[in-house]
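Reader: I am new to reading protein structures. Could you walk me through this one, a question at a time?

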Amino acid sequence: MPVPRGETSGGRTGAPVRPPSAVDPAGGITPAPAGNALAGRQGTCLILTVVNPNPLRPPIVSPPDIPADPWRYLLYVARAHTGLVALGFGLLSVSGTAWVLLPWAISKVIDEVLVAGTTEPLLPWSIVLGVVAIASSWVFVAGYRALFMAESHARVRTVQNLTDHLNRAGTGVRGAISPGEMVNLSTEDAHKTGSFIFQLGFGWMGLVMTTVGTVLLWRANAALGVTALAGVVLIGFVVGPVLGRLQHHQIAYRSSVATLTGQASDVVGGLRVLRGVGGEAQFLQRYRAASTDLRDAGYGVARADSWVQGLRSSLPLALIAAVTWVGARLALTGTISVGELSAAFGVTALVAQHSGAMIGMAQSVIAAQVASRRLTAFFATRSDLADDGTAAGAHGPLRDPASGMTVVPGLLTVVVSAEAKPAEAAMERLARYRDSEAAWGEAPLASLTLDEVRERVLLLRDDYLFAQSLGETLRVGSEGIDEARALAAIEAACAADVHSSLGSTLDGEITNGGRNLSGGQRQRLRLARALAADAEVLLAVEPTSAVDAHTESLIAGRVAAARAGRTTAVVTASPLWLGRADVVVWMVDGKVRAAGTHAELSLQDEYRALTSRQEAR
């Protein structure tokens with residue numbers, strides 16, 4: 001049986017690499033010790049496995065301990081940036097205190113300079129006013145900057161968590177989260193959970209100002225302090241129920257946005273098909289109904305929000321009027337001085353202004369809680385594949401009992417089926433994209449770690465092309481492959497025209513989904529990306545269905561040469577591939593009917609008729 005071939009002279013070594021004497025024809029498995037290499041003994045044979053990173057795979061990130069509760073998730077986001085958050089809160093506390101002390105210092109100038117008719121205290125109080133004014137402005141800028149940085153980091157962290165979880169959960173999110181919902185999670189919801197930290201900082205500043213202001217008013221006269229404190233508490237009791245209704249409407253609105261965005265995302269991807277089957281009118285009707293629901297939900301949010309905004313503006317003014325009225329009566333009776341009346345008005349104006357800011361903070365907290373609820377629902381999704389395997393180092397043929405297919409190591413296997421779906425399903429089982437009884441040698445695939453399978457087996461289908469450069473698509477760079485290997489993969493996939501159409505440089509940009517390429521170019525670029533990865537096992541489903549016969553013949557020959565000695569399986573009924581195959585597996589109704597060379601199977605009429613139709617095309 002051929003042994004997988006590696007590269008020398010500093011090139012990437014095939015993974016795994018074993019000396020011929022170590023390969024057990026029946027297949028087998030060795031337990032994986034710590035480290036990238038494992039060595040063990042079976043009798044007198046030494047088995048050595050070296051697994052190198054696949055440049056197409058994202059870095060493996062350990063799943064973070066993300067809370068399932070929306071409120072705890074918001075705390076989790078804030079705690080990740082404790083230093084910046086604490087700095088911002090501290091600086092805004094100093095700034096808020098300085099703002100409240102400003103009218104108090106002015107009151108002292110009024111009483112001790114203007115009313116007393118002396119200039120002796122003017123200089124020290126002027127110095128105090130200057131220090132307080134500087135602290136209230138410069139310290140505020142520093143606190144604002146710290147909280148803004150914490151908010152920005154929190155947004156990035158949420159997007160990173162979304163990306164990492166999507167990589168881990170894989171197809172487990174299919175059906176649970178729509179594409180439109182994913183867009184909202186990574187944009188609007190990430191923004192709201194990040195701004196939660198920012199708004200909470202200003203809410204804290206308002207609370208500090210209210211506390212300091214109430215103490216100053218109380219020191220001037222207890223009636224002033226009681227009036228201010230009662231007014232702030234009353235504002236909370238009045239606004240609280242309205243905020244509850246706002247939260248209810250925002251939840252309904254957020255759900256409607258997700259539904260409508262999902263429908264819009266679906267139609268963008270399938271508009272041509274939709275028109276072809278005459279479903280445009282039906283979609284339009286569904287979209288109009290969903291749009292109407294979103295509009296009604298938006299009206300509900302607007303009604304509740306208008307009440308909040310109205311109360312946010314009017315209640316602080318009522319508090320200022322109440323404290324001023326009480327202070328004026330106390331000043332007329334001589335209980336407080338003119339300066340203290342001035343301080344009462346100034347302090348109450350600042351406290352009232354920031355009590356409105358606290359209402360705004362409450363709005364932001366509610367919006368963040370609604371966004372956090374959607375995020376934690378996404379984080380609760382799990383992969384549809386069990387990842388409880390602990391073994392590594394499997395070798396031997398890949399077997400799929402459900403179909404009876406066997407992929408022999410080191411050979412080019414071509415799978416022929418009248419319908420591609422059953423053959424594709426078999427490939428998914430062999431690549432462990434589905435839980436099954438598939439095995440690698442004597443080891444069930446389920447007993448291997450999922451990372452081990454993903455590292456060594458690459459499944460090529462109609463995979464997505466992201467908006468990035470050609471070099472980035474092929475993973476050229478310090479952590480991927482070199483430029484020569486990328487160009488060799490492009491040549492093997494007959495994708496030189498893709499390279500030239502992008503300016504004959506690996507820096508040429510590919511648009512999202514590869515929309516600046518033709519269908520055939522996209523397919524050949526996907527093949528080049530798979531060849532550049534140089535996986536130990538490559539399973540490809542219809543990799544040349546969108547190219548002409550001449551190009552397909554070149555690709556089949558070049559791939560066979562590039563993958564010589566490595567395990568490759570291709571689902572196609574094209575005679576151009578069949579002529580290059582070491583083994584042909586013929587499937588009927590999802591089961592293997594026969595296996596052998598193309599010439600041997602051509603002796604059967606049904607097989608010959610199937611492949612002859614392909615040749616006629």
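Reader: What is the order of the strands in the open sheet of 6 strands?

Author: Happy to start there, with a predicted model in which local features need pLDDT of at least 70, side-chain atom pairs count only at pLDDT 80 or more, and totals for chains, interfaces and linings use all residues. Residues are numbered from 1 along each chain as its sequence is written, and side-chain values use heavy atoms, leaving out hydrogens and water. Strands (E, at least two residues) and helices (H or I, at least four) are DSSP runs numbered from the N terminus, and two strands pair if DSSP finds at least two bridges between them. The pairing in this open sheet is mixed, and the order is β10-β13-β14-β7-β15-β16.

Reader: Which strands stand at the edges of that sheet?

Author: An edge strand here has a single partner strand, so one side of it is left without a neighbour in the sheet. Neighbouring strands of this sheet are turned by 15 degrees against each other on average, direction ignored; the axes behind such angles are lines fitted to C-alpha atoms, for helices over the stretch in contact, and angles run from 0 to 180 degrees between N-to-C directions. The strands at the edges are β10 (457-460) and β16 (591-596).

Reader: Which residue is the bridge partner of Leu539 in β14?

Author: Strand β13 (residues 537-541) pairs with β14 in the parallel sense over 5 bridges. Strand β7 (residues 412-417) also pairs with β14 in the parallel sense, over 4 bridges, and there Val415 stands opposite Val571. For Leu539, the bridge partner in β14 is Ala569.

Reader: How many residues of strand β14 are buried?

Author: Buried means under 20% relative accessible area, exposed over 50%, and partly exposed in between (1.4 Å probe, protein chains only). In a regular strand the side chains alternate between the two faces of the sheet. In β14, Thr567, Ala569 and Val571 on one side and Thr568 and Val570 on the other are all buried. For the strand, residues 567-571, the count of buried residues is 5 of 5.

Reader: What is the handedness of the β-α-β unit made by β13, helix α14 and β14?

Author: Helix α14 covers residues 549-562 and forms the unit together with β13 and β14. A crossover is right-handed if, with the strands pointing away from the viewer, the path from the first strand over the helix to the second runs clockwise. This β-α-β unit is right-handed.

Reader: Is α13 roughly parallel or roughly antiparallel to α14?

Author: The axes of helix α13 (residues 519-533) and α14 come within 13 Å and cross at roughly 5 degrees. Angles under 35 degrees count as roughly parallel, over 145 as roughly antiparallel, 65 to 115 as roughly perpendicular and the rest as oblique. That makes α13 roughly parallel to α14.

Reader: Which residues make the contact of α13 with α14?

Author: Contact means heavy atoms within 4.5 Å. On the α14 side, the contact is made by Thr551, Ile555 and Val559. On the α13 side, the residues are Arg524, Leu527 and Leu531.

Reader: Is Pro409 buried or exposed?

Author: Pro409 is found in the loop between β6 (405-407) and β7. Its relative accessibility is 9%, so Pro409 counts as buried.
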